[in-house]
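Please examine the sequence and the structure shown below.

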Amino acid sequence: MDWSPAGVPGQYGRTALVTGGSGGLGLEVARALAERGAHVVLACRSTARGRAAAARIGGSTEVVRLDLASLDSVRRAADGIRRRHRRLDLLVNNAGVMFPSRPRTEDGFEPHFGVNHLGHFALTGLLLDLMHGVPGSRVVTVASLAHRAGRGAMDGPRARDGAGHRSLSAYGRSKLANLMFARELQRRLAGSGAETLSVAAHPGLSATALWQGEAPAWLRPVSGVALRLLAQPPERAMLPVLRAATDPHLPGGAYLGPGERFESRGAPAPASSSRASRDASARFCLWELSEALTGVRYGLAPARTAAGGSPTTAGR
Ligand SMILES: NC(=O)c1ccc[n+]([C@@H]2O[C@H](COP(=O)([O-])OP(=O)(O)OC[C@H]3O[C@@H](n4cnc5c(N)ncnc54)[C@H](OP(=O)(O)O)[C@@H]3O)[C@@H](O)[C@H]2O)c1
């Protein structure tokens with residue numbers, strides 16, 4: 001179905017929370033939602049950077065401190081949001097790190113898995129009931145083409161293995177976890193009869209601050225060329241996320257990305273995904289592991305389809 005940013009419905013009366021709204025793609029998503037009338041909560045590691053972003057965005061915004069590398073910070077952020085808001089229409093799990101300098105999060109997790117996945121898993125679980133019964137409510141989780149590099153099942157020891165904090169496979173595993181989480185959440189929401197949808201999107205490539213991490217030496221020339229040839233500016237790269245957040249025709253479980261040149265650019269369209277991301281039993285295991293590691297329990301039944309597999313999605 002044709003989609004263009006000009007056709008995004010008005011977001012007046014809706015409250016959207018964007019993690020990592022202080023820069024890069026998150027700032028552009030937050031700006032687009034605020035321009036269309038949403039009240040946008042910028043959940044940022046640095047409130048100073050968050051306030052600077054809010055000033056650039058204009059519209060109706062507020063800034064909440066959220067450090068996804070600390071489950072304590074995630075709980076405090078969720079408590080603060082719950083005190084101020086009775087409902088949430090949209091949660092955009094966007095913040096992310098790639099090749100960070102610290103080998104572990106505050107809670108001792110490998111930082112890609114801890115920040116990109118576990119922090120968002122906990123935040124979503126702590127806020128989800130604010131979305132119950134809210135028409136059109138939606139959780140959008142930002143994955144990546146790099147989810148294909150996420151080989152090897154996640155388990156407890158690997159979740160705490162800080163040795164991989166500068167490896168592409170660790171980043172890839174966290175992005176694979178983002179995609180598996182989005183799909184498993186959709187399956188559980190649908191199974192519990194909730195009208196909240198869970199969808200995912202990836203931006204292709206964009207030369208944001210994400211690429212300033214300490215990449216492995218072999219990857220630097222490769223990523224330099226890829227960025228020169230394929231990157232889109234953040235205001236274009238974020239369009240799959242914006243569509244995932246606002247397209248009223250999107251089914252739960254959809255996964256969007258740029259539609260052209262190996263999903264690196266072009267208008268948002270259904271994206272392809274690895275076989276691992278579609279493995280229903282691996283998604284179930286990841287969910288159980290994530291609940292155990294974060295201590296956040298969703299109370300959503302692990303619904304199964306009649307065939308025991310996952311439901312049809314718009315993603316591939
Ligand atoms: N850019 C790409 O080519 C690309 C490709 C595929 C997927 N993605 C995904 O797109 C998303 C956005 O990335 P981006 O390119 O916009 O990167 P970015 O410009 O580096 O922005 C990342 C955002 O995440 C925030 N963040 C980092 N660590 C955090 C933490 N511990 N707690 C809370 N917030 C934290 C950053 O906050 P600070 O301001 O404090 O640093 C920043 O606002 C990520 O999920 C990334 O994996 C990006």
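The side chains of Glu 184 and Arg 187 form a salt bridge, with N and O 3.0 Å apart; a salt bridge is a side-chain nitrogen of Lys or Arg within 4 Å of a carboxyl oxygen of Asp or Glu. Because Glu 184 and Arg 187 are 3 residues apart in helix α6 (residues 168-191), about one helical turn separates them. Both Glu 184 and Arg 187 are buried, where buried means under 20% relative accessible area, exposed over 50%, and partly exposed in between (1.4 Å probe, protein chains only). A network of salt bridges links Glu 184, Arg 187, Arg 188 and Arg 283. This is a predicted model, in which local features need pLDDT of at least 70 and side-chain atom pairs count only at pLDDT 80 or more, while totals for chains, interfaces and linings use all residues. Residues are numbered from 1 along each chain as its sequence is written, and side-chain values use heavy atoms, without hydrogens and water.

The structure holds 12 salt bridges. Among them, Arg 82 pairs with Asp 129, the closest N and O atoms being 2.7 Å apart. This pair links distant parts of the chain, 47 residues apart: Arg 82 lies in helix α3 (residues 71-84), and Asp 129 in the loop between α4 (111-127) and β5 (138-142). Arg 82 has 33% relative accessibility and therefore counts as partly exposed; Asp 129, at 41%, also counts as partly exposed.

Where is Ser 206 placed? Ser 206 is in the loop between β6 (197-201) and α7 (219-230). Its relative accessibility is 5%, so Ser 206 counts as buried.

Technical notes
Helices (H or I, at least four residues) and strands (E, at least two) are DSSP runs, numbered from the N terminus.
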